[in-house]
Amino acid sequence: MDFLEKARQYEDANRIPLDERPVFHMTPTVGWMNDPNGFSVYQGKVHLFYQYHPYSTAWGPMHWGHQVTEDMIHWQECKTALAPDKEYDKDGCFSGSALATEEGHVLIYTGVAKDEKGGKEMQNQCIAVGDGIDYKKAADNPVITGDMLPEGFSRADFRDPKVWKDGNTYNLVAGSRDENENGQIVLFSSADLYNWNYEAVLANSDGCIGSMWECPDFFEMDGQHVLICSPQDMKAREYEFHNGNNALYFLGNYDKDKKIFSKGKAISLDYGLDFYAPQTTCLPDGRRILIAWMHSWDSSFIPAGQKWQGMMTLPRELSIKNGRLIQVPVRELEQYHKNRVFYEGAVLEGEKCFDGISGRMIDFTVQIHSGEFQEFMIDVAKDEEYYTRILFHKDKSIIEIDRTYSGVIRDVACIRRARIRDFGDTIKLRFIMDRNSIELFVNDGEMVLSTVIYTPLTAQEILFTCDGSAVMDIEKYDIE
């Protein structure tokens, strides 16, 4: 039996029931999931592949899992798309991207192979073409090798190709390291996807923004170019870059002829505890959509007996406002809103639970209009034992998320703080909660904090607390 068929049979035999997984966040059929791959539109459906090890809840030889959706809320599982079964990818089919072509649905991924004699690892870029279900690897793989890079660039760290078409030319960016072991993004071009030319270093870390730059994405939006990447080994800077392995973006201008990207400052994409390796796609209606792995390499834990590990964020619509990337939940979520509860001008003094404001699969927004207070707290997924706390320090302009009492039984990071930019007299907090996660969108997506929790589903309460008085609106929907 070949490796691909083995993986497909295993996932069919060990498929985890849907009632044991989140309701509207993508999770693996079984086993381990990490980076999103191949986020693309093909034959009228949104396809998402992902780094996948079906045989355990730990990272292992990387396959590509595959799911599709028509609304980005509910996902349909497909068969495993890629397995490490060729000499050039025998140690893993690492991350990559996809696009629709006349030839079919083309996947471009990193094939990893170690030299059996010296154990030296090589990473090269490979192609597979399919019909949206089954994919065949190209006969002349790999199509881009490390030998095509300038002298001194790493062969062992050269991965995660993101491809797009501009006119008659295919362009591709990939993560790499330079001769000084600093992270960078390299640019290639091709007329046919099979014959590639090295063009330039699109951007680099200058020795101060982490080491290896993983999972790059590069696109134009609202008259600017956006570079997204995930640098490893970063040091925190005040309230930025606390995850060690981070996800950030640069806004800037791109000279297409000279292949020069003039980037602005690095900004975190998400300020929560669990977010990495984002990838975007453009929908037929023009919306740019981002999705990411809602997990952290350094804070890995799951409850005993859980048969899956890793999930994706809710897809987010992107825009640019006042020099920042804005992220909001995809509007399709509103189709699943049920049982609206609304409080207008509610006054909070001390602590209070509001009738109808509770639950775990919910979309609820709190807008604080005014008040005399310094600290405002919301405890979600709460009962007598458990809660996750969101704390707003008004005078300090700080938002804090704390999952210490969410059911964590390992020594993992539990508290994360971020500074809110100019918010005036009001602050708006929108919570998207699923069985195992909280995504908090601050001030209509100017900031997002994504965090995994594994709190028992019986913890349903939401408690509001204020050290003075506050006037607020609350709107809540169940998601069904």
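Residue S299 counts as buried at 7% relative accessibility, where buried denotes under 20% relative accessible area, exposed over 50% and partly exposed the range in between, computed with a 1.4 Å probe on protein chains only. S299 is placed in the loop between β19 (288-293) and β20 (308-309); helices (H or I, at least four residues) and strands (E, at least two) are DSSP runs numbered from the N terminus. When neighbours within four places in sequence are left aside, S299 is in contact with R403, V412 and A413, contact being defined as heavy atoms within 4.5 Å.

The model is predicted, with pLDDT of at least 70 required for local features and 80 or more for side-chain atom pairs, whereas totals for chains, interfaces and linings use all residues. Residues are numbered from 1 along each chain as its sequence is written, and side-chain values use heavy atoms, with hydrogens and water left out.

Not counting residues up to four places away in sequence, N168 touches S190 and A191. The C-alpha atoms of N168 and V68 are 28 Å apart in space, for a sequence separation of 100 residues.

Helix α1 was examined next. Its twelve residues should span 16 Å at 1.5 Å a residue, and the end C-alpha atoms are 16 Å apart, which agrees; the expected span is 1.5 Å times one less than the number of residues. The buried residues of α1 are L4, A7, R8 and E11. They cover an arc of only 100° around the axis and therefore lie on the same side of α1, the arc being that of the directions from the helix axis to the C-beta atoms. In general, an α-helix has 3.6 residues a turn, so residues three or four places apart point the same way. The cover over the buried residues of α1 includes β2 and β3.

Side chains of opposite charge can pair when their charged atoms come close. With a salt bridge taken as a side-chain nitrogen of Lys or Arg within 4 Å of a carboxyl oxygen of Asp or Glu, the count comes to 28 salt bridges. One of these joins D134 to R8, with the closest N and O atoms 2.9 Å apart. This pair links distant parts of the chain, 126 residues apart: D134 is in the loop between β7 (121-130) and β8 (135-137), and R8 is in helix α1 (residues 3-14). R8 is buried, with a relative accessible area of 10%, whereas D134 counts as partly exposed at 36% relative accessibility.

A salt bridge is also formed by R21 and E77, whose closest N and O atoms are 2.7 Å apart. The partners are 56 residues apart, R21 lying in the loop between α1 and β1 (31-42) and E77 in strand β4 (residues 76-77). R21 is buried, with a relative accessible area of 3%; E77 counts as partly exposed at 21% relative accessibility.

For D157 and R177, the salt bridge has an N to O distance of 2.8 Å. D157 is in the loop between β8 and β9 (158-166) and R177 in strand β10 (residues 169-177), 20 residues apart. Both D157 and R177 are buried.

Aromatic rings of Phe, Tyr and Trp (its six-membered ring) were treated as paired if their centres lie within 6.5 Å, with planes under 30 degrees apart classed as stacked, over 60 as edge-to-face and the rest as tilted. By this rule the count comes to 23 aromatic pairs. The ring centres of W59 and F94 are 6.1 Å apart and the planes are at 75°, so the pair is edge-to-face. W59 lies in the loop between β2 (45-53) and β3 (63-69) and F94 in strand β5 (residues 93-101), so parts 35 residues apart in sequence are tied together. W59 counts as partly exposed at 43% relative accessibility, and F94 as buried at 13%. The rings of F373 and F376, with centres 5.9 Å apart and planes at 55°, form a tilted pair. F373 counts as buried at 8% relative accessibility, as does F376 at 1%. One aromatic cluster is formed by F49, W64, Y109 and Y135.
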